[in-house]
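Subject: Structure for your review

Dear colleague,

Please find below the structure that I am handing over to you, together with its sequence. I would be grateful if you could look through it alongside the notes that come after it.

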Amino acid sequence: MNNVDNRQNEEAVSLENCDREPVHIPGRIQTFAVLLGTDAKASTVTICSANAADLFGLDVDQILGSSLSDLLGIDLVHRLRSILSLSTCLVQREHLGALPIDGVEHEIWVHLSDGTPVLEFEQTSASDLPGTQAITMVRSLLGRIQGFDDLEACLADAVSGLRGLTGFDRVMAYKFDSSGDGEVIAESAGTELESLLGLRFPKWDIPNQARDIMRRVPLRIISDLDSENSPLIALTSDQPPLDLTLAASRGTSPIHVEYLRNMGVRGTMTLSIVTGGRLWGL
């Protein structure tokens, strides 16, 4: 077994090379999830995150090369292969189902990355909203903001509604101008926080490769900036770096983490606003 390697990842990360940072192949994931990658037939585990050992109670070298059916069960793997036949797996994650492991339920999501089936396991919590309740709340918010004719009023209500829905300390709406520079045009924040409304930031604060992912994948979560990422480990040394563009648990960029820490941020959720195929704002 070999650590998934990328020579570019060995470069010293600095603001000068942020536009060249390979954010889609970080070689690691955030630890709110566990990741498995398999061969094209979804039969054999060919890549896994190091924290998979904790989830399955096996050494990494026991997981790599093992039968996926032995890990998850024949029925779940049969469902997995059916889902992988959907064309949507090429552009988004699909829900595979729930699997209890040592009495703890984990939701499993799957997508295809350059032909590699990728599974992400996310532990559920008693505090999680039931799916139907969450959908109802989102529908209510969407229905309300669709009634606005004025953009500023719409975004002001949207950030307020999202803050109430998510519990974040601050929710902002950014708009990009024609040059790519951004401005905070709506904000909902706790009274103890300094307002950032009207803050402008230059285009290079969000590099082009990150903007491309934001356009393709509208939701991005960084659960905890202080949590160490879990490295990906491959079965063989000749496996190319795994493209994690569609993975919700995609590892964090050291440059971005430093940027957020300088802002006093602990965790984030980013929602892209895309119009006509163009990234309008966040």
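The notes below begin with the protein as a whole and then turn to one strand.

Please bear in mind that this is a predicted model. The protein has 282 residues, and 41% of them are buried. Its secondary structure consists of eight helices and 15 strands. Among the contacts with a separation of 6 or more, 59% are between residues 24 or more positions apart. The accessible surface is about 15400 Å², and carbon and sulfur atoms account for 51% of that area.

I looked in particular at strand 3, which covers residues 33–38. Six of its six residues are buried, so the strand is largely enclosed by the rest of the structure. Ala-33, Leu-35 and Gly-37 point one way from the strand, while Val-34, Leu-36 and Thr-38 point the other way. In a regular strand, side chains alternate between the two faces of the sheet.

Strand 3 also pairs with two other strands. With strand 7 (residues 116–123) it is antiparallel and joined by five bridges. With strand 4 (residues 45–49) the pairing is again antiparallel, over three bridges. Leu-36 takes part in both pairings: its bridge partner is Leu-119 in strand 7 and Cys-48 in strand 4.

Finally, strands 3 and 4 form a hairpin with six residues between them. In that turn, Ala-42 has a positive phi of about 55°.

Yours sincerely

Methods
Residues numbered from 1 in each chain as written. Predicted model: local features only at pLDDT ≥ 70, side-chain atom pairs only at ≥ 80, totals over all residues. Heavy atoms only, no water. Buried < 20%, exposed > 50% of the residue type's maximum accessible area, 1.4 Å probe, protein only. Helix = DSSP H or I, 4+ residues; strand = E, 2+ residues; numbered from the N terminus. Pairing = 2+ DSSP bridges. Contact = heavy atoms within 4.5 Å. Areas by Shrake-Rupley, 256 points an atom, 1.4 Å probe, with all protein chains shown as cover.
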